[in-house]
Amino acid sequence: MTSQSWIAQPGSALHGALAIPGDKSVSHRAVMFAALADGTSRVEGFLEGEDTRATAAIFERLGVRIETPSPSTRIVHGVGVDGLQAPTGELDCGNAGTGMRLLAGLLAAQPFDSVLVGDESLSRRPMRRVTAPLAQMGARIETREDGTPPLRIHGGQALHGIDYASPVASAQIKSCLLLAGLYADGDTTVREPHPTRDYTERMLSAFGVDIDFSPGYARLRGGQRLRATDIAVPADFSSAAFFLVAASIIPGSDVTLKAVGLNPRRTGLLEALRLMGADIEVHDAREHGGEPVADLRVRYAALKGARIPESVVPDMIDEFPALFVAAAAAQGQTIVSGAAELRVKESDRLAAMATGLRTLGVQVDETPDGATIHGGPIGGGTIESHGDHRIAMAFCIAGQLSSGEVLVRDIANVATSFPGFDTLAVGAGFGLTPAR
């Protein structure tokens with residue numbers, strides 16, 4: 001579909017075995033670490049999204065040869081930790097916050113200057129959370145006055161390891177500092193207020209880096225090299241989340257999602273949906289490249305509202321738009337707190353979801369760090385997604401239960417994380433058409 005808007009309305013019960021695209025976070029890291037490795041790595045299951053392609057294109061600008069023998073496959077000819085070349089011109093991260101924040105740590109340690117830019121949405125996102133600790137390590141990075149991109153990174157700085165207690169539970173902050181730590185003198189340690197996903201730690205270990213990590217803690221010593229390895233990228237849990245919720249709330253649905261990544265710091269939505277009474281089974285649990293994966297079978301269940309434990313919030317920060325729709329479809333109230341981080345994602349997701357659900361007739365009481373969603377009938381209306389891919393997909397789900405058409409506007413950024421979402425959704429049973 002080439003339209004900039006979608007019309008979502010009730011379709012049919014969802015059925016089938018669905019292949020969700022590769023994990024965005026793992027795809028970013030696989031290309032980055034393979035580029036820094038000694039030797040050639042093969043990445044299978046690479047997400048063919050705009051964000052991840054932007055990261056791959058940046059490494060090609062930095063002198064790394066990357067082949068694409070077939071869709072979702074990359075062969076990366078690593079140049080070693082000391083082999084990146086100075087780019088000509090700015091490096092465009094597109095909409096990828098992960099790409100920009102991780103690259104900030106990596107490029108802060110290079111002998112050359114570089115500039116990281118992004119699209120309109122990324123250019124509003126806070127970067128002091130990485131530039132401040134990087135400055136403690138000896139980096140020199142300039143931002144706009146309000147701490148937003150572009151990032152002007154001065155090369156040739158001697159970095160030293162630090163022991164950093166992060167005020168924010170963020171895998172991007174942790175990963176940024178660990179990448180800088182590879183080049184720093186001494187040990188770099190990151191401590192978190194709550195454990196976050198450990199993709200970076202697991203993958204660095206797979207590339208041969210000696211790294212000590214446990215939930216909420218990671219430490220590595222500088223001066224290590226990476227050795228090439230092959231990576232199988234699991235299906236993206238955050239993308240699977242939309243079908244987990246849709247099948248849970250559309251009567252008669254029975255869907256199996258294949259080979260979904262189940263990193264324990266990523267799957268808070270499973271716990272939240274089960275608290276609400278969802279029927280989700282885990283089958284054929286196994287490992288791909290150090291990451292746990294499994295097939296998920298989800299069937300319709302009459303959901304009930306619940307208080308979402310704050311302890312699972314950091315493990316589902318990208319899944320809240322989908323959860324809000326599940327809450328709207330549930331009987332009773334669902335209470336979310338401790339989720340202020342949602343206000344600094346691609347959009348202010350708390351405000352965007354609350355406003356959108358109210359447009360569809362759902363009562364939502366917004367708070368500074370969450371909301372109370374009162375389940376009930378969902379009506380039609382026009383939704384502004386604010387260029388946020390997860391907001392757009394969430395309201396496509398809401399439209400499956402609506403009493404009228406739901407027009408979802410500004411959906412182009414869905415391609416950043418879930419290319420082909422519309423085709424897969426329609427094939428599974430969604431009522432979803434391009435707006436005329």
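This is a predicted model: local features need pLDDT of at least 70, side-chain atom pairs count only at pLDDT 80 or more; totals for chains, interfaces and linings use all residues.
**Entry 1: Thr-372**

I started with Thr-372 and found it in strand 21, residues 370-374. Residues are numbered from 1 along each chain as its sequence is written, and side-chain values use heavy atoms, with hydrogens and water left out.

Is Thr-372 buried or exposed? Thr-372 counts as buried because its relative accessible area is 15%; buried means under 20%, exposed over 50%, and partly exposed in between (1.4 Å probe, protein chains only). Next I looked up contacts, meaning heavy atoms within 4.5 Å. Leaving aside neighbours within four places in sequence, Thr-372 is in contact with Gln-333, Thr-334, Ile-335, Gln-363, Val-364 and Asp-365. I also checked Ala-247, which is 125 residues from Thr-372 along the chain; their C-alpha atoms are separated by 23 Å.

Thr-189 lies in strand 11, residues 187-191. I wrote it down as buried because its relative accessibility is 5%. Which residues does Thr-189 touch, not counting those up to four places away in sequence? I found Ile-162, Asp-163, Tyr-164, Tyr-217, Ala-218 and Arg-219.

Gly-78 sits in strand 5, residues 73-79. With 23% relative accessibility, Gly-78 counts as partly exposed. Not counting residues up to four places away in sequence, Gly-78 touches Ala-34, Ala-35, Ala-37 and Gly-39. Gly-78 and Phe-242 are 164 residues apart in sequence, and I read 35 Å between their C-alpha atoms.

I turned to helix 11, residues 389-398, which is mostly covered: 10 of its 10 residues are buried. Among them are His-389, Met-393, Phe-395 and Cys-396. What caps the N-terminal end of helix 11? Asp-388 does, with a side-chain oxygen 3.0 Å from the backbone nitrogen of Arg-390.

His-386 lies in the loop between strand 22 (381-384) and helix 11. Its phi is near 60 degrees, a positive value in a residue other than glycine. At 45% relative accessibility, I list His-386 as partly exposed.

**Entry 2: Backbone notes**

Asp-284 also has a positive phi, about 55 degrees, although it is not a glycine. I located Asp-284 in strand 17, residues 279-288. I then found a cis peptide bond from Pro-149 to Pro-150, with omega near 10 degrees. Pro-150 is in the loop between strand 8 (140-142) and strand 9 (151-154).

**Entry 3: The whole chain**

How many helices and strands are in the chain? I noted 13 helices and 24 strands. The radius of gyration is 21 Å, close to the 22 Å that the globule rule gives for 436 residues, so the chain is as compact as a globular protein of that length. That radius is taken over C-alpha atoms, and the rule is 2.2 Å times the number of residues to the power 0.38. Along the principal axes, the C-alpha atoms fill a box of roughly 60 × 45 × 40 Å.

Of the 436 residues, 60% count as buried. Among contacts between residues at least 6 apart in sequence, I saw that 75% join residues at least 24 apart.

Terms used: Helices (H or I, at least four residues) and strands (E, at least two) are DSSP runs, numbered from the N terminus. A polar contact is a pair of N or O atoms within 3.5 Å; within protein, one must be able to donate a hydrogen and the other to accept it, and residues adjacent in sequence count only if both atoms are side-chain atoms.
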